[in-house]
Structure formats: structure tokens, C-alpha cells
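Please read them with the structure open.

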Amino acid sequence: MFDFQAWARAYLRPVFGDHAEISFTGSCEATVAWAVTYESGEMRRYEAVLRLDETLYQHLQQADEDERATRGLAINAWLLREGIAPGHVPQSASRLVVIGKGAAGL
């Protein structure tokens, strides 16, 4: 059985750093919060709601552990490329990120 919370802690939260907080708001949705400290010393907190689209969620439910790991690493890289990580300033202080099969390399 696919444990989305354990998978998200292993593959999504690390993108946001050791101090990022993650909470779960649905069967395939997580909210990640992190802080960015600017050169001025100002610290700002950001949040992103990460939601897997239904097709990707179904794929992960049916996949074995190796496939889930492969997809998790691909999504991790996609989040970094998209600038959704510490050190990057999001376009807004809070945003919804829908993760589809393309982000997972499928």
C-alpha cells in the first residue's frame, strides 16, 4: 500500500531544507512551509501546497518501491528547476503547485 505521507516526507520535504515543516491536508496533498533569510537579516516565511494530480497519484499507488523512488527523485529535481525551494523567492507568499506526470518524468 502506498503511504503518501511517508513518501512526501522522503521525497518532497527535503527540497525545502532541514527546517521545513510539512503537514497533510488530503490523501495526495501536502503543505510545506519554509523560511528564507535575506542579506538584510529579514526573514520571511513561505508556503506551498503540493498536490499530486490524480493520474500520478494512481501511478504511485500501483508502483513498486523502486519506481516510487525514481518518481520522487524526478519530482524533487523538477521542484528545484521550477524555483520552488529555499533561496528562491516564490511569486507569492503562498502558492498551489500541482505535480503531474510530466514532473515525475512519465
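1. Setting aside residues up to four places away in sequence, R71 touches W7, H59, L60, A104, G105 and L106, where contact means heavy atoms within 4.5 Å. R71 is found in helix α3, helices being DSSP runs of H or I with at least four residues and strands DSSP runs of E with at least two, numbered from the N terminus. The side chain of R71 reaches the backbone oxygen of A104 at 2.6 Å; a polar contact is a pair of N or O atoms within 3.5 Å, of which, within protein, one must be able to donate a hydrogen and the other to accept it, and residues adjacent in sequence count only if both atoms are side-chain atoms. R71 and A104 are 33 residues apart in sequence, yet 5.0 Å apart in space, C-alpha to C-alpha. With a relative accessible area of 12%, R71 is buried, a word used for values under 20%, with exposed for those over 50% and partly exposed for those in between (1.4 Å probe, protein chains only).

2. A word on the basis of these values: this is a predicted model, in which local features need pLDDT of at least 70 and side-chain atom pairs count only at pLDDT 80 or more, while totals for chains, interfaces and linings use all residues. Residues are numbered from 1 along each chain as its sequence is written, and side-chain values use heavy atoms, with hydrogens and water left out.

3. R68 also has its place in helix α3 and is buried, with a relative accessible area of 6%. Its side chain reaches two backbone oxygens, that of Q61 at 3.2 Å and that of A63 at 3.0 Å. Leaving aside neighbours within four places in sequence, R68 is in contact with M1, F2, W7, L60, Q61 and A63.

4. How do α2 and α3 pack, and at what angle? Two packed helices are described by the angle between their axes and the distance between the axes. For α2 and α3 the angle is about 145 degrees and the axes are 8 Å apart, the axes being lines fitted to C-alpha atoms over the stretch in contact and the angles running from 0 to 180 degrees between N-to-C directions. The crossing is left-handed, that is, the near helix is turned anticlockwise from the far one by less than a right angle, clockwise being right-handed. The contact is made by L56, H59, L60 and Q61 of α2 and by E67, R68, R71 and I75 of α3. By class, the contact of α2 with α3 has 3 nonpolar, 2 polar and 3 charged residues, with Ala, Val, Leu, Ile, Met, Phe, Trp, Tyr, Cys and Pro counted as nonpolar, Asp, Glu, Lys and Arg as charged, and the others, Gly among them, as polar.

5. G72 is likewise placed in helix α3 and, at 0% relative accessibility, counts as buried. Not counting residues up to four places away in sequence, G72 touches W7 and Y11. The C-alpha atoms of G72 and G105 lie 9.7 Å apart, across a sequence separation of 33 residues.

6. The largest nonpolar core has 29 residues, of which W7, F16, L50, L52, L79 and I99 touch the most other members; such a core is a set of buried Ala, Val, Leu, Ile, Met, Phe, Trp, Tyr and Cys residues joined through side-chain atoms within 4.5 Å. At least two residues of this core are supplied by each of α1 (4-11), β2 (29-37), β3, α2 (54-62), α3 (65-81) and β4 (94-99).

7. E29 has its place in strand β2 and counts as buried at 16% relative accessibility. Its side chain makes polar contacts with the side chain of T25 (2.7 Å) and with that of R51 (2.5 Å). Beyond its neighbours within four places in sequence, E29 is in contact with F4, S23, F24, V49, L50 and R51.

8. Y46, found in strand β3 (residues 43-52), is buried, with a relative accessible area of 3%, and its side chain is joined to that of Y38 by a polar contact of 2.4 Å. R95, found in strand β4, counts as partly exposed at 25% relative accessibility; R95 and L50 are 45 residues apart in sequence and 8.6 Å apart in space, C-alpha to C-alpha.
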